[in-house]
Amino acid sequence: MAGRSEPQARTRRFEEEAVEALLAGYQPLPGVHDELVDAEGRPRAHWTSLLAALAEMGVDEVNRRFQAADRHLYRSGVFYRVYDDPNGGERPWPIAHLPLVIDETEWRALERGLIQRAQMLEAVLADLYGEANLVRSGALPAAAVAGNPDFLRPMVGVDPHGGSFLKIYAADIGRGPDGRWWVLSDRTQSPSGAGYALENRIAIARALPDLARSLNVMRLAGYFQAMRAGLTRLDRSGEGRVGLLTPGPLNETYFEHAYLARYLGFVLLEGDDLTVRDNVVYVRTVAGLKRVDVLLRRLDADYADPLELNPGSHLGVPGLMQAIRAGSVAVVNAIGAGVVEAPAMMGFLPRIGAQVLGESPILPNVATWWCGQPAERERVLDGLDDLVIAPAFQRTLPGLLDEGPVIGADLDPARRAAIRHAIRTRGVDIVGQETVRLSTMPVWRNGRLEPRPFILRIFVAATESGWTVMPGGFCRVSDSLDARAVTMQSGGRSADVWVLDGAPVEQTTLLPAAGRVEVKRQTGPLPSRAADNFFWLGRYVERAESTLRLLRTLAGRLSSTAEGGGASVPKLLDLLQSWGAAPDDVTRAKPVRHVLAALSRRDLPGALPNLIEAARQTASVIRDRLSPDAWRTLADLALMMAEPVPAASAEPDAYERTDRALRSLAAFSGFASENMNRLSGWRFLDLGRRIERAIATCRVTRALVGDTPTAGTLDVLLELCDSQITYRSRYVMVESRAPVLDLVLLDPVNPRSLAFQIDAIVGHLDVLPGHFGDEPPPVEERLAARLAASMKAFSAAEFDDARLREVEAELMELSNDVAEHYFIHRQPVETPWDLLA
């Protein structure tokens, strides 16, 4: 007789009992759909394997694994920015550790509905910017289009590059109490979240690796592969250069921009990086102008071109619209595509969708009434308590809905009266929408499962073979049980999304198939902005290292009883103050306070917290070009500098802290040295370090030695320049001025000497781009050559205070010359209004 064996039955009963114990106390919210359990409180079939695995692990093991996921996200530097945050804005990425699980049958239905909706919105966009039949026939009121600030008239009549307005579409969906999925909002401007979805997957896959494989969770890489192929296919010039256009590091999702650029192999660009010449878009690189044919746009369209769109924009590219009209560049999504994501459009999409597609929508959207029409306006006024009142076109409505949508039932009498008046007098700017009761999914809190409302964003990409849907998505989970809206700005969390396949899932990679890879030894152009940041990252890191060496030496001298050790302390204190690392008001009677101030105070420009934060901020702008290990090292160092210094901390504590920070900086240097290809980015990083180290060597030599060194200062100079061991191995005698200066300044094989830095500078400048035929060498190369010659032309005895000052000034001039040659110095954009002024 067929059936389970006794061991199998016992195992099954054990799993069921463990799942029941895990679900004990789980209380679904009344009146809403719950993803985890059905109406009778039984776990849904596609969740049982996950629940059984969690039950088998036990609470302690589950907590340990989820903490490991948190550490991965933190150490990877995954963050989002909160606007108007007095504490700095950057917050660690908050992850809801349990994934949202969707079975294959339900997913296929969602997939069909989202593809249909993307096709519908593409057809609407083509009509609005083309023949405008929808407006002409009355299916769509003209005011609902013309009154929308995202309807951009310069795009009317323009055939978008590649033949379609939408290349990437996303929909925010939620499930109603009846279990049916509804579209809550459309994302056609520049959909965000795909990169965060990928990071969520990596973090949770690390926490639950065996489970993700055994459940046949569909992989995300295939979607990104299809999306990348669709974008690179838009390249008409054959150069294959795709850029991701970002508003910059102050944007709330900048991490995602940098992460996607790195993952997809695109160039991360800001508006300042680009210029339009003869209707062609170029990126400013250290090797000159390089053509860009495709831009994945992550800034709002209105800011894309200050000449034809928003004249106050400092984020866009002057002349971009003309390049679009000329067909020389593909912008994804097309400029003006955001017009269909306005809430006002949702009141018409169900009807016009059937008109443009010839079929009813598979996925309905939330019921919406645009108050620019008399009947709809009265409907909203009559049912105000049952509706959400929202801006019709933008996220906010200044003076009325400054914080966005409001619940009619929650309004106080004064606010209710103001909104009712606004609906009657300016109804075109307002919509009423059905109040959404979001379904819930389980989250792991305090060692137990609890339900929380969620919104799911799913991404769709246009490819050569049609639309491709990401098998997963960006799920936002509320921390509140009564959430009416879920956003990362207001304290929500994000969850991975597991779409289960009925068969084992094949490994997917972004790497091209074997035999189709063209051999390359370059990684694409280096934008001038990126080179500028590499250069200053090197300078900030080296400046921090020089300051730390100075602090460690000072702390060592303060705790040392060696004869003559105290004679150098005043000179070291003078150096600290001249570098802006210590205050003038600290009494010399307690010099350890100088060390503690330099280690902890943020009101001193040269103090360590400011230097490390400057390095971290600079690195964050080019993190798509840095190794994750190098980035994590800087992030850890910034945390170390944020640790409070005990008020009673003595010299040994200060010494240990500086020594620990120096080891972290050494780790960063090691990662940069070992993990970066010897291309232009690495050269600018090292060039900045060499210039800064050479300047610091000149300054400490002048301060400590001068023309007549005092007792102990030569030894301090050797320590600061990390040359004591070399000196002792060469000279079995006490320190003497000439051999010390020869080792510190002129020795070409000492990696800490002034001459070594200058030789390295010459080597970098010789191979950097910028040489044109038979033209004379650039000014910075000529200056570096003179400096290198002077290292050989003068003896150590001739390097007096005046000579060192001259070398220091020439090094600073060299830094300026490098900047003038290679880096962007933005000029104000001249608009037609400027020319008429």
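Because the model is predicted, local features need pLDDT of at least 70 and side-chain atom pairs count only at pLDDT 80 or more, while totals for chains, interfaces and linings use all residues. Residues are numbered from 1 along each chain as its sequence is written, and side-chain values use heavy atoms, with hydrogens and water left out.

The protein chain comes to 28 helices and 22 strands; these are DSSP runs numbered from the N terminus, with helices being H or I of at least four residues and strands being E of at least two. Of its 837 residues, 55% count as buried. Here buried means under 20% relative accessible area, exposed means over 50%, and partly exposed is in between, using a 1.4 Å probe and protein chains only. Taking contacts between residues at least 6 apart in sequence, 70% join residues at least 24 apart, where contact means heavy atoms within 4.5 Å.

On to the helices. An α-helix has 3.6 residues a turn, so residues three or four places apart point the same way. Helix H9 covers residues 221-232, and its end C-alpha atoms are 16 Å apart, which agrees with the 16 Å that 12 residues should span at 1.5 Å a residue. The expected span is 1.5 Å times one less than the number of residues. Buried in H9 are Ala 221, Tyr 223, Phe 224, Ala 226, Met 227, Gly 230 and Leu 231. Helix H25 has 14 residues and reaches 21 Å from its first C-alpha to its last, close to the expected 20 Å. The buried residues of H25 include Leu 754, Ala 755, Ile 758, Ile 761 and Leu 765, along with Gln 757 and His 764. As for partners, the buried residues of H25 pack against H21, helix H24 (737-746), H26 and H27.

Two packed helices are described by the angle between their axes and the distance between the axes. Axes are lines fitted to C-alpha atoms, for helices over the stretch in contact, and angles run from 0 to 180 degrees between N-to-C directions. H25 (residues 754-767) packs with H26 (residues 779-793) at an angle of about 150°, the axes being 9 Å apart. The crossing of H25 and H26 is left-handed, meaning that the near helix is turned anticlockwise from the far one by less than a right angle; clockwise would be right-handed. On the H25 side, the residues in contact include Leu 754, Ile 758, Ile 761 and Leu 765, and on the H26 side they include Ala 784, Leu 787, Ala 788 and Met 791. This contact divides into 11 nonpolar, no polar and four charged residues. In that count Ala, Val, Leu, Ile, Met, Phe, Trp, Tyr, Cys and Pro are nonpolar, Asp, Glu, Lys and Arg are charged, and the others, Gly among them, are polar.

H21 (residues 680-704) and H27 (residues 801-822) cross at roughly 160°, and their axes come within 9 Å. That makes H21 roughly antiparallel to H27, and the crossing is left-handed. Among the residues making the contact are Phe 684, Leu 687, Ile 691 and Arg 702 of H21, and Leu 804, Glu 808, Leu 811 and Tyr 822 of H27. By class, the contact of H21 with H27 has 13 nonpolar, two polar and five charged residues.

Asp 715 lies in helix H22 (residues 713-720) and is buried, at 17% relative accessible area. Leaving aside neighbours within four places in sequence, Asp 715 is in contact with Arg 557, Gln 724, Arg 728 and Glu 735.

Most residues other than glycine have a negative phi, and most peptide bonds are trans. The peptide bond from Val 332 to Asn 333 is cis, with omega near -10°; Asn 333 sits in the loop between strand E12 (330-332) and helix H12 (349-357). In the loop between strand E8 (274-277) and strand E9 (280-285), Asp 278 has a positive phi near 55° and counts as exposed at 75% relative accessibility. Asn 279, in the loop between E8 and E9, has phi near 65° and is partly exposed at 31%.

Definitions and conventions. Parallel < 35°, antiparallel > 145°, perpendicular 65-115°, else oblique.
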